[in-house]
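Me: I would like to learn how to read a few side-chain features from a model. Please take one feature at a time.

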Amino acid sequence: MSAGAGEEPVRREPTGVDDASTTRSRVSGTPLWLAVTLAVLFGLFYAYDVWEALGNLIGMSTLAAHLEAGINGFGWFLLVLAIVLPLALFAAAFAFGRRRGPIVQIAFYAVGLGVSAALSMDIIAAFTRWVPLA
């Protein structure tokens, strides 16, 4: 009800119970030590994907040099994309799982690894099919 003329508005005293919005904003689903452990553990798998992609880039450029050929622009784009993709997927999995529980974080990291593996295979297939060594 609204306060009439000359009446003061009713003030509520703070209680010990928080409302849902303040509770939700303060609660993190995973303890910091566990979140860091998961990020480091899965980060090693993502780093291995980056290492493989870097090996492919060096190996293909060396192969092209030995064949006295070159890699076209699309080929370089694919090789660099294979390096950047796992890093972007790790960052996305970290960002999406940051304030969630450990099981959800593990799921985001695992799905990101699966997507990274599938797209890396697609990039390798596209490179071998569509990039002639000119």
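This is a predicted model: local features need pLDDT of at least 70, side-chain atom pairs count only at pLDDT 80 or more; totals for chains, interfaces and linings use all residues.

Me: Where does Arg 100 lie?

Reply: Arg 100 sits in the loop between α3 and α4.

Me: Which residues does Arg 100 touch, not counting residues up to four places away in sequence?

Reply: They are Gly 29, Thr 30, Gln 105 and Phe 108. For Thr 30, the C-alpha atom is separated from that of Arg 100 by 6.5 Å, although the two residues are 70 residues apart along the chain.

Me: Is Arg 100 buried, partly exposed or exposed?

Reply: Buried requires under 20% relative accessible area and exposed over 50%. Arg 100 has 43% relative accessibility, so Arg 100 counts as partly exposed.

Me: How is a pair of aromatic rings described?

Reply: One gives the distance of the centres and the angle of the planes. This structure holds 6 aromatic pairs. In one of them, Phe 74 and Phe 77, the ring centres are 6.5 Å apart and the planes are at 25 degrees, so the pair is stacked.

Me: Where do Phe 74 and Phe 77 lie?

Reply: Both belong to helix α3, 3 residues apart, which is about one turn of the helix. Phe 74 is partly exposed, with a relative accessible area of 38%, and Phe 77 is partly exposed at 49%.

Me: Why does the pair of Phe 90 and Tyr 109 count as stacked?

Reply: Planes under 30 degrees apart count as stacked. The planes of Phe 90 and Tyr 109 are at 15 degrees, with the ring centres 5.6 Å apart, so this pair is stacked. Phe 90 is in helix α3 and Tyr 109 in helix α4, so the pair ties together parts that are 19 residues apart in sequence. Tyr 109 is buried at 2% relative accessibility, whereas Phe 90 is partly exposed at 22%.

Me: Which residues do ring pairs link into a cluster?

Reply: The cluster consists of Phe 42, Phe 45, Tyr 46, Phe 90 and Tyr 109.

Me: Which residues of the largest nonpolar core touch the most other members?

Reply: Phe 42, Tyr 46 and Tyr 109 do, in a core of 21 residues. Helices α2, α3 and α4 each supply at least two residues of this core, and α2 gives the most, with 8 residues. Leaving aside neighbours within four places in sequence, Phe 42 is in contact with Phe 90, Ile 106, Tyr 109, Ala 110 and Leu 113.

Note on methods
Residues are numbered from 1 along each chain as its sequence is written. Side-chain values use heavy atoms; hydrogens and water are left out. A nonpolar core is a set of buried Ala, Val, Leu, Ile, Met, Phe, Trp, Tyr and Cys residues joined through side-chain atoms within 4.5 Å. Buried means under 20% relative accessible area, exposed over 50%, partly exposed in between (1.4 Å probe, protein chains only). Helices (H or I, at least four residues) and strands (E, at least two) are DSSP runs, numbered from the N terminus. Contact means heavy atoms within 4.5 Å. Rings of Phe, Tyr and Trp (its six-membered ring) pair if their centres lie within 6.5 Å; planes under 30 degrees apart count as stacked, over 60 as edge-to-face and the rest as tilted.
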